[in-house]
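Let us walk through this structure one part at a time, keeping the sequence beside the picture as we go.

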Amino acid sequence: MGHLRQLPLCAAGLFALLALLLYIPRADALTVAYDQNYGTAYVNVLRRASVEPLEAQGYARRLLELFQDRRADAVEVYDFQAEQFLRGAAEELYWYPHYFAVLVLAVREDCPVAVQGWKDLRENVHIVLPDASPEREIATLAMTRGISPAPRSEETLRLFNRLRREGRLSYRSLPLSDSELKGEKQRGDVYVLFSYQAEQLIRAGAPLRIALPEEGTLVFSKGVLSHKPLQFHPEPLAA
């Protein structure tokens, strides 16, 4: 009888030990803020390749504010954004470029014009630019330079005012919806996007083809800027 009375006590001790083991503090994962508008492919690759555990946090906007306020240990950025932080930082920061973002023209398959470059956007096509910064400014700059090799501010202003007046220029949030891509109303003929954005839309069934502008385009490195050093496995990053 004495042995039988001890069994519940032993069981209670085992449960207490198990609970203690489960709640042993572990090192916190580094938080990485990424652009959730374009899915999790890149951040998933980062998590697999990182030696340290990473916690992915997706946001639609204001990623740089999160990093600046230290609400995120690391952030997905373009190279020019990373350079701004690196030049003015009072602390050591760490920049890890991983892939190229190439600005392209995503042309609808039924576009009324055989668009191959920026100059083809002058007439008879509806152009769609991203409405979020910095993609909006990047697309505007590339389009301006592509249409006129030495653009002047007055000429650029006249061009964009004419496009708006003719109803041939609009700004849309990304990612684009099915109704925007496949509907007959409010759709664009040409979308100025980065290649990875256009490829994502095409994989989702959008009736688009990618045209690399024959006049040239803008290319940026994109990767992770971090407050703390990161370590990656020696294998190259791959999706």
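In helix H8, which covers residues 195–203, the residues Ser 195, Tyr 196, Gln 197, Ala 198 and Leu 201 are buried. Just after H8 comes Gly 205, whose phi is positive, at about 105 degrees. Bear in mind throughout that what you are looking at is a predicted model.

The protein chain holds eight helices and nine strands, and of its 239 residues 43% are buried. If we take the contacts in the chain with a separation of 6 or more, 76% of them are between residues 24 or more positions apart.

Together with helix H2 (residues 41–49), the strands E1 and E2 make a right-handed β-α-β unit. The loop between H2 and E2 contains Pro 53, which is 22 residues from Thr 31 in sequence, while the C-alpha atoms of the two are 8.9 Å apart in space. Once the neighbours within four places in sequence are left aside, Pro 53 is in contact with Ala 29 and Leu 30.

Which strands pair with E9? Strand E3 (residues 74–78) runs antiparallel to E9 and is joined to it by five bridges, with Val 77 having Gly 223 in E9 as its bridge partner. Strand E4 (residues 94–108) also pairs with E9 in the antiparallel sense, over eight bridges, and here Tyr 99 has Lys 222 in E9 as its partner.

Finally, consider how two helices pack. Two packed helices are described by the distance between their axes and by the angle between those axes. For helix H5 (residues 135–147) and helix H6 (residues 153–165), the axes come within 11 Å and cross at roughly 110 degrees. Angles of 65 to 115 degrees count as roughly perpendicular, and H5 and H6 are therefore roughly perpendicular to each other. On the H5 side, Thr 140, Met 143, Thr 144 and Ile 147 meet Thr 156, Leu 159, Phe 160 and Leu 163 of H6.

Key
Residues numbered from 1 in each chain as written. Predicted model: local features only at pLDDT ≥ 70, side-chain atom pairs only at ≥ 80, totals over all residues. Heavy atoms only, no water. Axes fitted to C-alpha atoms, helices over the stretch in contact; angles between N-to-C directions. Helix = DSSP H or I, 4+ residues; strand = E, 2+ residues; numbered from the N terminus. Parallel < 35°, antiparallel > 145°, perpendicular 65-115°, else oblique. Contact = heavy atoms within 4.5 Å. Right-handed = clockwise from strand over helix to strand, strands pointing away. Buried < 20%, exposed > 50% of the residue type's maximum accessible area, 1.4 Å probe, protein only. Pairing = 2+ DSSP bridges.
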